[in-house]
Amino acid sequence: MQIQQHLKPTLTRVKWGVIICSLVFSAMALANEKDFNANKNCVNTSLSNLDVSIENIKNAQGEIELILIPLSEKKQSPEMRIKRLTAKKGSISWRFKNVEKGLYTIFAYHDENNNEDFDISFLGNPEEGFGISGVEQPKVEDLSFSNKNTRAVFKVDGSDIKVQMPMKY
């Protein structure tokens, strides 16, 4: 019993890492299938603001973590950005400033217990609310792009963008 409780944080972090890696690598593979950039030698000089609205937050416990994930295979691709916001029942917003051109996805979760982990049950089901860009009713299957779920991928092209993401509990 003590061993299981001791290993739970480690196992949760491993599962969280697997989900993020799956999300990033699967989306990168999909990005290669679609030609969103006609000129691959073009340098990204325009920056955008990305306004994200997280909706349907069920309570004000803990924090909401937003993860902006670039889907580029370039050597100098933009870095993943993470922002933690104080949870508020209803909705909250955040602006990612100076986002480079490219393909992105956003993952958010409601860290109600403030342990900085996306908690998953022993069966692999989320125990906390989560949202994915472009997916109105996210399911566990949407955490992977194995079914070619391109709804979660969006293009930043130099103009400002608004993304609405409902949380699913």
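**Charges and rings**

Author: Glutamate 128 is found in the loop between β5 and β6 (strands are DSSP runs of E, at least two residues, numbered from the N terminus). This is a predicted model, where local features need pLDDT of at least 70 and side-chain atom pairs pLDDT 80 or more, while totals for chains, interfaces and linings use all residues. Residues are numbered from 1 along each chain as its sequence is written, and side-chain values use heavy atoms, without hydrogens and water.

Reader: Is glutamate 128 buried or exposed?

Author: Glutamate 128 is buried (under 20% relative accessible area; exposed is over 50%, partly exposed in between; 1.4 Å probe, protein chains only). Yet glutamate 128 has no salt bridge (a Lys or Arg side-chain nitrogen within 4 Å of an Asp or Glu carboxyl oxygen).

Reader: Which side chain of opposite charge is nearest to glutamate 128?

Author: Arginine 84, 7.8 Å away (Lys and Arg count as positive, Asp and Glu as negative; His and chain ends are not counted).

Reader: Which backbone nitrogens lie by the side chain of glutamate 128?

Author: The backbone nitrogen of glutamate 112 is 3.2 Å from a polar atom of that side chain. For the backbone nitrogen of aspartate 119, the distance to a polar atom of the glutamate 128 side chain is 3.0 Å.

Reader: Back to arginine 84. What does it bridge to?

Author: Arginine 84 meets glutamate 63 in a salt bridge at 2.7 Å, N to O. That pair links strand β2 (residues 63-70), where glutamate 63 sits, to strand β3 (residues 81-86), which holds arginine 84; the two are 21 residues apart. Arginine 84 also bridges to glutamate 65, with the closest N and O atoms 2.6 Å apart. Here the partners, in β3 and β2, are 19 residues apart.

Reader: How accessible are the two glutamates?

Author: Glutamate 63 is partly exposed at 23%, and glutamate 65 is buried at 8%. Shared partners join Glu63, Glu65, Arg84 and Asp111 into one network of salt bridges.

Reader: Changing topic: how many aromatic pairs are there?

Author: Five, counting Phe, Tyr and Trp rings (six-membered ring for Trp) with centres within 6.5 Å; planes under 30 degrees apart are stacked, over 60 edge-to-face, the rest tilted. One of them is phenylalanine 107 with phenylalanine 118: the centres are 5.3 Å apart and the planes at 80°, so the pair is edge-to-face.

Reader: Where do those two sit?

Author: Phenylalanine 107 lies in strand β5 (residues 102-111) and phenylalanine 118 in the loop between β5 and β6 (130-132), so the pair ties together parts eleven residues apart in sequence. Phenylalanine 107 is buried at 1%, and phenylalanine 118 is buried at 0%. Phe107, Tyr109, Phe118 and Phe130 form one aromatic cluster.

Definitions and conventions:
Helices (H or I, at least four residues) and strands (E, at least two) are DSSP runs, numbered from the N terminus. A polar contact is a pair of N or O atoms within 3.5 Å; within protein, one must be able to donate a hydrogen and the other to accept it, and residues adjacent in sequence count only if both atoms are side-chain atoms.
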